[in-house]
Amino acid sequence: MTGDPNARHGHSHLPGGAIQNHDERALLVSVDGGIPSPQTAITDGAARVEHALPSDSELGALLDAGYDQDGLDSVCTCDIPPRVSELSHRVETTLSAFLQDGLAKSRRMDASYPPLWAGLTQALTGGKRIRPRLVLGAYLALAAEDAVPEGIKPALESGVAGDPTQTRPAAASSATAAANATATATATAAAAATDSRLSALVATAAAQELLHGAFVVHDDIIDGDLLRRGKPNLTGAILAEHPLRESDPARARRDAESSAIIGGDLLLSAAQRHIALLDVDTRIRHRLLDLFDEAVHITAGGEHADVSLAALESGSPSITRILNMTEHKTASYTFSVPLRAGAVLAGADENLLGALDEVARALGLAFQLQDDHLGVFGESARTGKSITADLSSGKNTALVSLARDSTAWPLIVALQHAPESASAAQWEQVRSELVRAGVRERHDALVADATRRAQAATLSPALPPRLRSYLTSVIIELGGRDV
């Protein structure tokens, strides 16, 4: 997107919160001493929806993708993000309960075990919570408007109609009492069913965050990173407390990474367990487990490709191969599976799930490409990420691949020999040359192309208008992010 969301809203992206609301992240409170829970500063849903209106340039981009005026109107009135925010605290509570339970159990074992669980708690604290929010959003976009089925509310509201002191014939009173009892029992059963559905929804959303946590822990080990969002990651936190960190740093590093692998495995197992224990129809549970397996299989394949491609000679692999790897590493578990999991819980058919996958795969690629952009042209103070790591390591991103064919590459190679001694001014010169050589522009074109494909995919007739509206709000929000 080309608009400046800051000029319109005072935020880096839409504060409607389809994915993440800066207001919410700034107001975190502790849940039972564990993971913070987002507390929304603005409680008026209508106000938040008004703030979610796309800018003029964003509306133009939507028109380019084929939206008519009715479609744009639905984008501007999407009420899903506020409802997602209202449910998100339950996800935080679920995650906190899991971590507190694990920590309590670990205290009955070897003294080295509780610090691992404390590290896992820290690793899961914060973040954008994109994946659980997408589960919630997709479900809410497809589920019935009212938790209580139509026909029950009138009976509840009627109760004993009229003046309760009014005298009635005994037969009429008896009939009214029986009707009221039936209505109450029906309403109680409906409420229990609704609560069961919401519990399954929250557990599924929490499972997506646990899976993400597992992947992050393992990915950091593969990349040799000790920091995440500017702070020690799980490996870094364990390493900082290792008794041999000074006398035998290599041994300490190996031990810390081994412990982190175990921690990642714990999160992976917990994610699957949350799905396996859902109190839902067996067919739905099996479908969700299939999606979970798909996320693990595809993401692992993308991660393995990333490792394998790093061993190829300079100048290869091709940009196409890198884009495929990028999509596999991110799109499935970050967008496709969370969106489809929420849709499955809402009773979606395979046609709708297939249409969702089309949107999600393109959106996932755009998201990761934008992430790579921020890894070079972003602001570390905002992103919590190094803006030199990708270039200094020659990581196989699309942006680095484009840089290899540019006049900026000799400057990058020169700094790769001793990245720790390179100055900020030298890296700034590299970034300026990347802009001058057209690398940034070509990479931005890749992001725009993937975004347009995601927008076009939302026009599938298999997607109901309400879900299309929600997906569009997600696309718009992600298009303006700078973190």
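What percentage of the 483 residues of the protein count as buried? The share is 47%, where buried means under 20% relative accessible area, exposed over 50% and partly exposed in between (1.4 Å probe, protein chains only).

**View 1. The whole protein, a predicted model.** Welcome to the overview. The secondary structure comes to 22 helices and 4 strands; helices (H or I, at least four residues) and strands (E, at least two) are DSSP runs, numbered from the N terminus. Local features need pLDDT of at least 70 and side-chain atom pairs pLDDT 80 or more, while totals for chains, interfaces and linings use all residues. Residues are numbered from 1 along each chain as its sequence is written, and side-chain values use heavy atoms, without hydrogens and water.

**View 2. Helix H14 (residues 319-345) packs with helix H15 (residues 350-377).** Their axes, lines fitted to C-alpha atoms over the stretch in contact, are 7 Å apart at an angle of about 135°, on a scale from 0 to 180 degrees between N-to-C directions. H14 and H15 are therefore oblique to each other, the class left over after roughly parallel (under 35 degrees), roughly antiparallel (over 145) and roughly perpendicular (65 to 115). The contact (heavy atoms within 4.5 Å) includes Leu323 and Phe335 of H14 and Leu356 and Phe367 of H15.

**View 3. Arg129 sits in the loop between helix H7 (113-123) and helix H8 (130-142).** Phi of Arg129 is near 60°, a positive value in a residue other than glycine. Arg129 is buried, with a relative accessible area of 9%.

**View 4. Arg229 lies in the loop between strand S3 (227-228) and strand S4 (231-232).** Although Arg229 is not a glycine, its phi is positive, at about 55°. Arg229 counts as partly exposed, at 43% relative accessibility.
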